[in-house]
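The sequence and the structure are shown first.

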Amino acid sequence: MTEQAHHLSPEQAAQFFKDMEAEGEPEVEFNPGIASRIASKTVAAGVLIHDEQGRIFFVTPIYKPYPEIPGGVVDANESPYLACQREIREELGIDIKVGNLLVVDWVPQHGVWRDSLQFIFDGGVLSKKDVEKIELPHDELKSFEFRFLEEVKSVLKPSFYRRLDAANVAKISRTTSYIDFGRNPC
């Protein structure tokens with residue numbers, strides 16, 4: 001199985017290979033070296049999960065001073081959607097149904113981190129039974145908690161707060177939003 005299809009179910013992998021075959025031969029470079037000069041961005045995917053009271057599920061990484069939502073960096077040749085599913089299994093030890101895309105946010109370069117695209121998918125509602133099954137990887141996450149967004153505003157980066165707020169709005173309105181650094185560019 002190729003690297004791209006590594007995290008797929010057998011049915012998804014079969015469809016993936018059919019789709020790749022339908023694309024035909026890979027495109028060649030007509031101007032050698034042009035592909036290596038194209039900018040690359042970091043891509044990350046996270047999931048917005050709520051509890052039955054409408055609070056957001058946050059995890060606290062051991063390597064950051066502020067809470068995050070479950071998710072992480074998308075691997076090479078991995079879709080953001082599949083990365084989100086993988087990260088949930090790795091970080092929480094459970095499988096949940098990842099729903100529709102809520103937000104795509106472009107984040108500019110800041111310090112050592114290059115610019116990125118941040119995807120947030122709908123993770124639905126976790127029941128108390130699901131919460132009891134969570135097993136955090138102690139080498140990556142310290143804790144988890146459900147909090148209302150306003151309760152954690154003071155400890156979140158402003159752009160992350162705006163991104164989560166946009167994701168909440170998109171979830172309620174059943175839409176998808178594109179934002180730049182947490183703000184609507186239109």
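Is Thr 60 buried or exposed? Thr 60 is buried, because its relative accessible area is 17%, where buried means under 20% relative accessible area, exposed over 50% and partly exposed in between (1.4 Å probe, protein chains only). This is a predicted model, in which local features need pLDDT of at least 70 and side-chain atom pairs count only at pLDDT 80 or more, while totals for chains, interfaces and linings use all residues. Residues are numbered from 1 along each chain as its sequence is written, and side-chain values use heavy atoms, with hydrogens and water left out.

**Strands**

Thr 60 belongs to strand E2; helices (H or I, at least four residues) and strands (E, at least two) are DSSP runs, numbered from the N terminus. Leaving aside neighbours within four places in sequence, Thr 60 is in contact with Leu 141, Lys 142 and Ser 143, contact being heavy atoms within 4.5 Å.

Strand E1 (residues 42-50) is largely enclosed by the rest of the structure, because seven of its nine residues are buried. Two strands pair if DSSP finds at least two bridges between them. The pairings of E1 are listed below.

| Partner of E1 | Sense | Bridges | A bridge pair |
|---|---|---|---|
| E5 (residues 116-125) | parallel | eight | Thr 42 with Ser 116 |
| E3 (residues 71-73) | antiparallel | three | Ala 45 with Gly 72 |

Lys 171 is found in helix H5 (residues 158-173) and is buried, with a relative accessible area of 19%. Not counting residues up to four places away in sequence, Lys 171 touches Leu 48, His 50, Leu 102, Asp 122 and Gly 124.

**Nonpolar cores**

A nonpolar core is a set of buried Ala, Val, Leu, Ile, Met, Phe, Trp, Tyr and Cys residues joined through side-chain atoms within 4.5 Å. The largest such core has 22 residues, of which Phe 57, Ile 88, Leu 92 and Leu 126 touch the most other members. The elements that give two or more residues to this core are E1, E2, helix H2 (80-92), E5 and E6, and H2 gives the most, with four residues. A second, separate core of 17 residues includes Val 152, Phe 160, Leu 164 and Ala 167. The contacts of Phe 57, not counting residues up to four places away in sequence, include Ile 49, Leu 92, Leu 126, Ile 134 and Phe 144.

**Aromatic contacts**

Four aromatic pairs are found in a search of the whole structure. Rings of Phe, Tyr and Trp (its six-membered ring) pair if their centres lie within 6.5 Å; planes under 30 degrees apart count as stacked, over 60 as edge-to-face and the rest as tilted. Phe 57 and Phe 146 form an edge-to-face pair, at 5.1 Å centre to centre and 65° between the planes. Phe 57 lies in strand E2 (residues 56-61) and Phe 146 in strand E6 (residues 141-147), so this pair ties together parts that are 89 residues apart in sequence. Both Phe 57 and Phe 146 are buried. Ring pairs link Phe 57, Phe 144 and Phe 146 into a cluster.

**Cysteines**

Zero disulfides are found in a search of the whole structure, a disulfide being a pair of cysteine sulfur atoms within 2.5 Å. Cys 84 counts as buried, because its relative accessibility is 0%. Cys 186, at 90% relative accessibility, counts as exposed.
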